[in-house]
Amino acid sequence: MRIAIRWLIAFVLLAATYNPTPYNWVRWSLTNYAEQLPLIVLSGLILLIGYIIFLRATLRSIGPFGMGLVLALVAALLWVLYDFGWLNLENQAANLWLGLIALSLVLGVGLSWSHIRRAISGQADMDDVDE
């Protein structure tokens, strides 16, 4: 359940930054730049802090190679779904949502990797000794 929550938080972070709807930080900041600059800067810094937390944890746990591997796995899954005819790539909005899901999976796996590895191998990390 913790892994799903971490993935959901990563998805919300990415979708809040940009998505195909008009309700995202990028479009809001471009539309309201002149009137709400302090609020745009504050919210942008909050999003940046979220990205730093997720990216740093992901890079420390699975590294760039692991990030590429998770992305490759998601891409191969999408390829299989497309090849079987279960996925149509004509809709740009749907493609963007798929990209957000793929990136959030990378960040969610990276943030949860210690828990996943411990569940698979039974070995604890140094950070897990106090639990």
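Colleague: Which residues line the second largest pocket?

Modeller: Val 70, Leu 73, Val 74, Leu 77, Leu 78, Leu 98, Ile 101, Ala 102, Leu 105 and Val 109. A pocket is an open set of points on a 1 Å grid over the protein atoms where a 1.4 Å probe fits, with protein on both sides within 12 Å along at least five of seven lines, and lining residues have an atom within 4 Å of a point. Mind that this is a predicted model: local features need pLDDT of at least 70, side-chain atom pairs need 80 or more, and totals for chains, interfaces and linings use all residues. Numbering runs from 1 along each chain as its sequence is written, and side-chain values use heavy atoms, without hydrogens or water.

Colleague: Which elements give two or more residues to that lining?

Modeller: Those are α4 and α5. Helices here are DSSP runs of H or I with at least four residues, numbered from the N terminus.

Colleague: Is Phe 11 buried or exposed?

Modeller: Phe 11 counts as buried because its relative accessibility is 18%. Trp 97, at 29%, counts as partly exposed. With a 1.4 Å probe and protein chains only, buried is under 20%, exposed over 50%, and partly exposed in between.

Colleague: What else is buried in α1?

Modeller: Besides Phe 11, the buried residues of α1 are Arg 6, Ala 10, Leu 13, Leu 14, Ala 15 and Thr 17. As for length, α1 has 16 residues and should span 22 Å; its end C-alpha atoms are 23 Å apart, which agrees. The expected span is 1.5 Å times one less than the number of residues.

Colleague: And how far does helix α3 reach?

Modeller: Helix α3 (residues 37–61) reaches 36 Å from its first C-alpha to its last, close to the expected 36 Å for its 25 residues. Its buried residues include Ile 40, Leu 47, Tyr 51 and Phe 54, and also Gly 44 and Gly 50.

Colleague: What follows α3?

Modeller: Gly 63, with a positive phi near 70 degrees.
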